[in-house]
Amino acid sequence: MWFFARDPVRDFLFELIPEPPEGGLPGPWALHRGRKKATGSPVSIFVYDVKPGAEEQTQVAKAAFKRFKTLRHPNILAYIDGLETEKCLHVVTEAVTPLGIYLKARVEAGGLKELEISWGLHQIVKALSFLVNDCSLIHNNVCMAAVFVDRAGEWKLGGLDYMYSAQGNGGGPPRKGIPELEQYDPPELADSSGRVVREKWSADMWRLGCLIWEVFNGPLPRAAALRNPGKIPKTLVPHYCELVGANPKVRPNPARFLQNCRAPGGFMSNRFVETNLFLEEIQIKEPAEKQKFFQELSKSLDAFPEDFCRHKVLPQLLTAFEFGNAGAVVLTPLFKVGKFLSAEEYQQKIIPVVVKMFSSTDRAMRIRLLQQMEQFIQYLDEPTVNTQIFPHVVHGFLDTNPAIREQTVKSMLLLAPKLNEANLNVELMKHFARLQAKDEQGPIRCNTTVCLGKIGSYLSASTRHRVLTSAFSRATKDPFAPSRVAGVLGFAATHNLYSMNDCAQKILPVLCGLTVDPEKSVRDQAFKAIRSFLSKLESVSEDPTQLEEVEKDVHAASSPGMGGAAASWAGWAVTGVSSLTSKLIRSHPTTAPTETNIPQRPTPEGVPAPAPTPVPATPTTSGHWETQEEDKDTAEDSSAADRWDDEDWGSLEEAESVLAQQDDWSTGGQVSRASQVSNSDHKSSKSPESDWSSWEAEGSWEQGWQEPSSQEPPPDGTRLASEYNWGGPESSDKGDPFATLSARPSTQPRPDSWGEDNWEGLETDSRQVKAELARKKREERRREMEAKRAERKVAKGPMKLGARKLD
């Protein structure tokens, strides 16, 4: 039987990367980059080659090998594996870079911040404190060559070759024999008389002072240069002078040095050091402390190093969400750190967490995800959006909280390009139809119209033909004035998606009806749209050959490129019920809003003004998502009546290009209370009898553009348009002739059932008006009959007991 000896080098789990070793190590070790054979993860490998005649150095290297295996501390270079043979020693540690090389690279890249240096020195001093105070060991080699930096920017103490016991066990300090290392020895070591009184940490603290000098000023030329602090910060100079003092007795213990530097106003008293200390102890912190920490973390991340954010903060955020029940507070710092990741890293680390978050029932989590969707939407693929995200997002359309409904509508602008046919053209359109017709919040109805105009180019041709005209026409009848403006601008932004017949027979009749709207902003936009559509029709009439070019997009398949006009709308119409959604709102500076900063309908002459209705408070949730940002962003909102006129409502023709010079058709929006006032206005417009039981009553967008055939008579005192002197020399002090018009009838019925997909063949508005009039006549007839019966009873008097009724 044969026995074969195993080759330890061949069986070693790590391998060297074939490249020259890294410099910066004056000792006997050579530092190589390596990787684990199984996974390819990077490591650092310290290699010592045994040479004949160097027995003393070999013993020092073997002692260092033993120290690496036995010493474990977060601030000491982490040992992973080792290999000892007759020819060499291999020590495998975490992947690190010598401090000298790291500082040189950072200087070339723009310099190292004092925040990073303060935390790095904090780690080295903490490692020395552990060795001296807990292990009674003297490092005896603190210098630039003994400090290494990992990928997160953490400083690690290495160079354990010349370590010895402070208690005298095992003899004195080993001889170095390397001039580059001996220059860091303190002056008292040259005194062989032994009369100098010193502490066990005195020599290492002197070497720490040399390290501080080199970090700020470069390589130390000679010991006398320590007298000049050079570029050392003023807050650190007093403590540095204690380290390099001639009297070793007064040099502070490492623990006291840390305490002095951490005092208020000290070099190590800053947000970066505090953040790192908290992260080191995060596992034992209370949940309330973690919540507060993550809430304040986002403000500081911009000042922190990128490597620190990627490799230290990010893992803690992911752990806190996965196992610590941190909730929504981790979202903001998580997405902020995600900006530092590559696309591949983002897919591996952030996207799985985001997908899991969308299934959460926590309202605060859901609304923050929707608010910050623009930061991660580009990393989501279409199958993930349609199968794992959209089914959860659509629940927001049915949420009882108006802020979540509003933000869900806005998120569709980002999700629409990635939705499949069924989700976009069927499921989403059902929810949009219900919101536009039934939602009690005016700003939500308005923003639904806005979003539909923006995603119109992504819809299929059949859906566009069935939905757009009806939806925008319905919006023009909304009792909330900005919704009517949104309907007009929706027509303008999607002008290229309508045939000439639709423009002439469906769209222009609707727009003409708005020219006598009580709100001037609605009338102004209606006139602009009418002129543009007429210009388009006129150009085709003059040259019929242009018809094919003008209608090229009408029957075209959905395409993102067709959304150019819709994209020019820019911001949302109104902020609605929550200014938490202000991230997608582009607003200009305006005057401070007030509670009544909403376009009000003029009251007809002779009709008493209604009593003011108390404004209900927006419902709160247990998730406490109503943060201080809501109050802060509310000041950006202002009256829609002042700003709708200044917006870009879509470029329709070359001749009308002057009308589309501005970017936003809505630069800001309404204040948060706009939704509440519109809510009461919208509710008051519905009579108790308008409880419609099915879609067939009116609930299709197809009918929205049709005007009722019979109009209600104007109130007393209202003059006809023909009675005004439109061009005469009357004085200008009579005011706006439209100011006396009554508000539009706001008794449009709201459908209750939106489950069917039948958008056509429903009853017209005129039939509903006739049915309503007939019902009123029957009610009046019934009341007249009851009154007559009551009169006959009163005239005859009470009947006597036993009397027989003859009539």
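**Burial, cores and confidence in a predicted model**

Of the 807 residues of the protein, 50% count as buried, where buried denotes a relative accessible area under 20%, exposed one over 50%, and partly exposed a value in between (1.4 Å probe, protein chains only). The model is predicted, so that local features need a pLDDT of at least 70 and side-chain atom pairs count only at pLDDT 80 or more, whereas totals for chains, interfaces and linings use all residues. Residues are numbered from 1 along each chain as its sequence is written, and side-chain values use heavy atoms, with hydrogens and water left out.

The accessible surface of the protein comes to about 39400 Å², and carbon and sulfur atoms account for 53% of this area. The protein contains 29 helices and ten strands, both being DSSP runs numbered from the N terminus (helices: H or I, at least four residues; strands: E, at least two). Among contacts (heavy atoms within 4.5 Å) between residues at least 6 apart in sequence, 72% join residues at least 24 apart.

The mean pLDDT, the predictor's confidence in each residue on a scale from 0 to 100, is 74 for the protein. A value of 70 or more is reached by 69% of the residues. Confidence is highest in strand S9 (residues 155-157), with a mean of 95, and lowest in helix H27 (residues 640-643), with a mean of 35. Over residues 561-764 the pLDDT is below 50; this stretch has 424 contacts in the model beyond near neighbours in sequence. Residues 1-7 also stay under 50, and for them the model has one contact beyond four places in sequence.

The largest nonpolar core has 92 residues. A nonpolar core is a set of buried Ala, Val, Leu, Ile, Met, Phe, Trp, Tyr and Cys residues joined through side-chain atoms within 4.5 Å. Phe-294, Leu-428 and Phe-432 touch the most other members of the largest core. Helix H11 (residues 306-323) gives the most to this core, with eight residues. Leaving out residues up to four places away in sequence, Leu-428 touches Phe-390, Phe-397, Met-412, Leu-419, Asn-423 and Ile-455. A second, separate core of 69 residues includes Val-96, Met-163, Val-215 and Leu-243.

Met-163 and Ala-64 are 99 residues apart in sequence, with their C-alpha atoms 7.9 Å apart in space. Ala-64 is found in helix H2 (residues 55-70) and counts as buried because its relative accessibility is 0%. Apart from neighbours within four places in sequence, Ala-64 is in contact with Trp-29, Leu-160 and Asp-161.

Beyond residues up to four places away in sequence, Asn-141 touches Ala-146, Gly-159, Tyr-162, Lys-176, Leu-181, Asp-204 and Arg-207.

Ser-460 is situated in the loop between helix H19 (442-455) and helix H20 (461-475). Ser-460 is buried, with a relative accessible area of 12%, and its side chain makes a polar contact of 2.8 Å with the side chain of Thr-463. A polar contact is a pair of N or O atoms within 3.5 Å; within protein, one must be able to donate a hydrogen and the other to accept it, and residues adjacent in sequence count only if both atoms are side-chain atoms.

The structure holds zero disulfides, a disulfide being a pair of cysteine sulfur atoms within 2.5 Å. For Cys-143, the closest cysteine sulfur is that of Cys-210, at 9.5 Å, which is too far for a bond. Cys-143 is buried, with a relative accessible area of 2%, and Cys-503 also counts as buried, at 1% relative accessibility.

Terms used. Areas by Shrake-Rupley, 256 points an atom, 1.4 Å probe, with all protein chains shown as cover.
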